[in-house]
Amino acid sequence: MGKARSAGARRKAPGIPVGARGGRARPNPNPFEVKINRQKFQVLGRKTRHDVGLPGVSRARAIQKRTQTLLKEYKERDKSNVFTDKRFGEYNSNISPEEKMMKRFALEQQRQHEKKSIYNLNEDEELTHYGQSLADIEKHNDIVDSDSDADEPGTLSAELTAAHFGGGGGLLHKKTSQQEGEEGEKPKSRKALIEELIAKSKQEKRERQAQREDALELTEKLDQDWKEIQTLLAHKTPKSENRDKKEKPKPDAYDMMVRELGFEMKAQPSNRMKTEEELAKEEQERLRSLEAERLRRMLGKDDENSRRPSHMSADDLSDGFILGEDDRRLLSYKDGKMNVEEEQSREASDGESEEEEGEDSGEEDPEESDDPDGHSDLESDGESEEGSGTPEKERRHAPGKRLTSDGQKAREAARTELPYTFVAPESFEELKSLLSGKSIEEQLLVVERIQKCNHPSLAVGNKAKLEKLFGFLLEYVGDLATNDPPDLRVIDKLVVQLYNLCQMFPESASDSIKFVLRDAMHEMEGMIETKGRAAFPGLDVCPVRCLQDVVKGLFVCCVFLDYVSLSQRFIPELINFLLGILYIATPNKQNQGYTLVHPFRAFGKNSELLLVSDEEDMATWQRKSLSLHWASGLKAQTKTEANHTRLSCLAVCLALVKRCVLMYGVLPSFHDITRPLRALLTEHLADCSHPRELQELCQSILTEMENQKHHCQPLICEKSKPVPLKLFTPRLVKVLEFGRKQGSSKEEQERKRLIHKHKREFKGAVREIRKDNQFLARMQLSEIMERDAERKRKVKQLFNSLATQEGEWKALKRKKFKK
Amino acid sequence: MERDPGPGGARRALGRLLEAVLASRGEANAVFDILAVLQSEDQEEIQEAVRACSRLFGALLERGELFVGQLPPEETVMAGSQGATRKYKMWMRHRYHSCCNCLGELLAHPSFQVKELALGTLMKFVQLEGAHPLEKPKWEGNYLFPRPLFKMVVEGLLSLEEDRSLLLSQFREYLEHDDIRYHTMQAASDVVARVANGHPEVSWLGPVSGGGQWACGVLVLRQRLWQVPLIFCNNAFMLLSAVSLPRQESDISSFYVRRTELLDKWKVTHLKEHRRAFQLMWLGFLKHKLPLSICKKVLVIMHDSILPHLAQPSLMIDFLTRAYDIGGAISLLALNGLFILIHKHNLEYPDFYRKLYGLLDPSVFHVKYRARFFHLADLFLSSSHLPAYLVAAFAKRLSRLALTAPPEALLMVLPFICNLLRRHPACRVLVHRPGGPELDADPYDPGEEDPAKSRALESSLWELQALQRHYHPEVSKAASVINQVLSVPEVSLAPLLELTAFEVFERDLKKGPESVPLEFIPARGLLGRRDDLCAQHFTLS
């Protein structure tokens, strides 16, 4: 701003009298031009921008601006011709000025050339360099041998280069000035100049060479001297190369130590620990190779070269036979005959064949469905069977019968042996078909191998596959559990696998478990709504109606207690259930001191479910673990058995009660919780009909209960922090703009600010327009006045001339008259 | 009458007979043939006959061919020396009567279609007879309604032997008409009174000794034989509960029997009369001994659809107090009605809180009406004028019961107790007693029936402290509230009242994905490790 103003001032300086203009520029403005806006109050920290105004200055500036813009427009309002600047690249800022000049020059040359060439055929334009004709320069082509100066190839003498290429402006100037200096006596010719230069440089070179030779000589001499001195100094090997060695003093103990430590045997890098992935890969590799061998054995391709694998599969026939050489020829014979053969050969030895066959057939399905290799095996089996028609007889009478049968056996073993690699099942049905019909160990092995073959580190999709496998396994376990009788042993083993999978993928495992739980819950909800009872209800949902329900409930209690054994959580339902069980083991009576809760009724059909009245059964009872099969609806064969089970249930119940008592002893209202239990236990004791063991158990529980202290410390709330007093700190509000527009939200303030700004700008614009109009009107007026004045002047002139004419004419006339 | 095989034949034959009777009076004797078919064995034939009767007598009623006025017995009609037309009309009126009787008997027919058809026909007769009354109006604008016929219908509906709920639900649509409803109420009270009086009345069983033991009460009640048969009670309840009065007088405008004009002096046009009839009917029904299941049903609808319509609701107090004294679920239900009487009708009920206190026993968390009970209990205990000992006794009792409650109930009852403490700052000593002496035993006496003597104020809520170790984290959190000073605003119970175990379960399942905690000890099998409880007590084989 200031710059512009000063520029304007400078521009104005010569013509227009400075007057108002120079006001700001002068350090002491004219006090009559300064208008001061007086402030009523001083506000600390407020920046006052408009305290001093220069109305005259600003008006002058505005007028000037208008004359430059508005007036110009006004004057040119009726003109339609436009000035176009056709200079090349004048307004193109992308091109650098040099380039621009070059182009312009080229264009100009072109234009000239074209114009001339029509008529001037031979005329070449003269090329110049620094104003000297290039042709002129080329005429004295002196060759300076610059390559002789090998030491400093880059540094040709500046004068030389200048002379050759003209570059280096400064030099040239120097030279010219030099020339100017010499100009007086004698201007040297160019040729002489060059020669002089050459001579100079040659001399320099020679000098340098001489210097170098001197230096060499000197060093040699120095070496010689040194050698002599050296021999004098130390009476040791006069070798100059290992000087420092000579100089080294005898190492002291510390240095020795350091060296020793430095050279001490460091821990050798051993083979690094294998990562899980690598282990998995190795495992898979191993299984694959085993599988390949199994296939070979099954097909009978095993030859003497193939060593027997060190691995023994779980169901390998460990009869220790070694495949003989003859096998190879005979191995093309196939099952159809083989079975007969086998029966013959095994007549006495082992009765396993039947079993194995059963397994075999069971195994074929999964192979067919899952394993492409297995499929091809079967096909090839079929082919070879067809082709075995003729050698069959031969083999019948073959002398090496024993061997043959051994070979058959091997194949049989390989067949029954499980495949080593498995494709992860994609659906539950697939898994089921993989597992069904196999023994426990085999099922386990299959699952294990599936896991190993599809370890997540081996391939990308394996994680998802195994996650799915967890769900399928879970479903499979559920299936097994609903069987009649449930396959508890398999489940028992599979639980371990489930655990492993669960450890690998906690999230997905928890998801699938949740899914199963939700399903079960919905099913139960529906069952309870329709039938009023469910298959495996919670402890407090359905009435206990039979021994099965009792066993189920007790099992759930066990699991529950196991789970809270560490956290020692309180489970009201469990206490209620145990109370109910104790109750149904006593004869009904009107009792006080305890109340039964929901699933149990004080009276009714099942209120004496666990009561044993048979003295003999009572006496013969032995304590033993309950079978889980009871939970799945096992029926007692005899009355005695049922009674024994009842007593076992009671025993389990008492044991659980004891556990609860020990666990909940620390709870504050322990005695209120266990009061009903205690009442019932005393009843049990009073009954005296129970076996000795149970009575002792009861007694011990009761004493345990007695031993628990009463914890009746009055409750006290934790002290909470006192609420702090109200403080009178001022509220801080961000001030966006001074004035009345405060205390609203930020958006509102912003909006108001904008409105205000718009209004102000609008007013300003209106004012500007008005001033423009005034200015224009003034201009027009002055124009008209000028025109009028001009006209007046002209009219006057006319009148003047007319008057003179008239005067002259009259004078002439008068003359005539006079004449 | 010729018997053509098949229903088509029967229909044709009946149609012919019908035409004949309607065409000329000379053929009137064919009516006997039609009526005879009503007693047929074949269901189809009966239906045809009912339809024929409907058309026949409908036409006759509209034509006015039935005798109007007091009907002399049939013998005197035949012997008398009136004109032939009059004789014919009287005779026909007798046939009409026998037809109605037959239809009434058909209401007990085993086939539902027949029953439905018979009911429809009877109601049609009621409508026609109302429009063309068979008795002479005693004065100008006398309101006439075929009461005997309608009473027969109601009697047929309230069977003693058979559950007529299907038929009753059919009948329900007639009850939308105001006149039908009014006369139904009258007829039903008559029928109920007659049935109950047929069986000698025995005084209502008093409250069972021992208060809280409602299970015993139920048992004792069941052992006695019910004087009013259960099936009849069921039917009656069906019918009675189907009656719902309009709220405003102006709503009485729809009449089943079409009237040219409604006179203001007719009782049937006044809601007050309706209410009176309604009250008579219910009181008449409820004063008899009823099975517990019916009692429950009545109590469930009591506050909503019975009490607001009674002319004098306070008369229901007898029934409600008797029900309240039974104990158990019935008491819980009676509470609602009692509350309305106490709240809106200024009823004084001595020892109300004592009895409410007595109602609290462990089963209260397991009954179906838990939500309703706690809603009401919350209302009763919301008064700030209750003495501190009473509120303390309730809080202590509830927390004692909470020791046996399922989690979904705990999630409701724990805030309930805390709300009690919030309302009554005097009871805060239950959770905050600084400097109190250490006690050997809980001073609270759970066996005491009088809350004033239970010494609850001297005790502390140790039960809640025990529940802080509950296995369900939400419960544990709710119980831990007492560790701090209770916040001022009360917790709203409304969303917690209806909580079920399934909802709690779903909520837990839906909890967002958090890190899955894993068992770190490797599993050994289904029963866990060797020293686990399961493995100790169970075997796989």
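Biologist: In this predicted model, how many residue pairs are in polar contact between chain B and chain A?

Modeller: The count between chain B and chain A is ten residue pairs in polar contact, with both residues of a pair at pLDDT 80 or more. Four elements of chain B each supply at least two residues of the side that touches chain A, namely helix H20 (462-467), helix H23 (501-510), helix H24 (533-537) and strand S1 (538-539).

Biologist: Which of these gives the most to the side of chain B that touches chain A, and how do the residues of that side divide into nonpolar, polar and charged?

Modeller: H23(B) gives the most, with six residues, while the side of chain B that touches chain A divides into 36 nonpolar, 17 polar and 13 charged residues.

Biologist: How should I read the extent of the interface, and what area do chain B and chain A bury between them?

Modeller: The size of an interface is often given as the accessible area lost when the parts come together. Here chain B and chain A bury about 6,000 Å² between them, with 64% of that area on carbon and sulfur atoms; in terms of residues, 66 of chain B are in contact with 66 of chain A.

Biologist: How many salt bridges does the rule find across the interface of chain B and chain A?

Modeller: Side chains of opposite charge can pair when their charged atoms come close. The rule finds two salt bridges across the interface of chain B and chain A, and the count over all chains comes to 21. One pair that crosses between chains runs from Arg518(A), in helix H22 (residues 506-530) of chain A, to Glu506(B), in helix H23 of chain B. The closest N and O atoms of Arg518(A) and Glu506(B) are 3.6 Å apart.

Biologist: Which strand of chain A is joined to S1(B), and do the two run parallel or antiparallel?

Modeller: Strand S5 (residues 626-627) of chain A is joined to S1(B) by two bridges, and the two strands run parallel. Within this pairing, Leu626(A) stands opposite Phe538(B) of S1(B).

Biologist: What is the mean pLDDT of chain B, and what ipTM does the predictor give the complex?

Modeller: Chain B has a mean pLDDT of 77, and 88% of its residues reach 70 or more. Over residues 200-226 of chain B, however, the pLDDT is below 50, although this stretch has 35 contacts in the model beyond near neighbours in sequence. For the complex, the predictor gives an ipTM of 0.70 and a pTM of 0.55.

Notes:
Residues are numbered from 1 along each chain as its sequence is written. Chains are lettered from A and ligands numbered from 1 in the order in which they are written. Side-chain values use heavy atoms; hydrogens and water are left out. Contact means heavy atoms within 4.5 Å. Buried area is the accessible area (1.4 Å probe) that two parts lose on being put together, summed over both. A salt bridge is a side-chain nitrogen of Lys or Arg within 4 Å of a carboxyl oxygen of Asp or Glu. A polar contact is a pair of N or O atoms within 3.5 Å; within protein, one must be able to donate a hydrogen and the other to accept it, and residues adjacent in sequence count only if both atoms are side-chain atoms. Ala, Val, Leu, Ile, Met, Phe, Trp, Tyr, Cys and Pro count as nonpolar, Asp, Glu, Lys and Arg as charged, and the others, Gly among them, as polar. Two strands pair if DSSP finds at least two bridges between them. pLDDT is the predictor's confidence in each residue, from 0 to 100.
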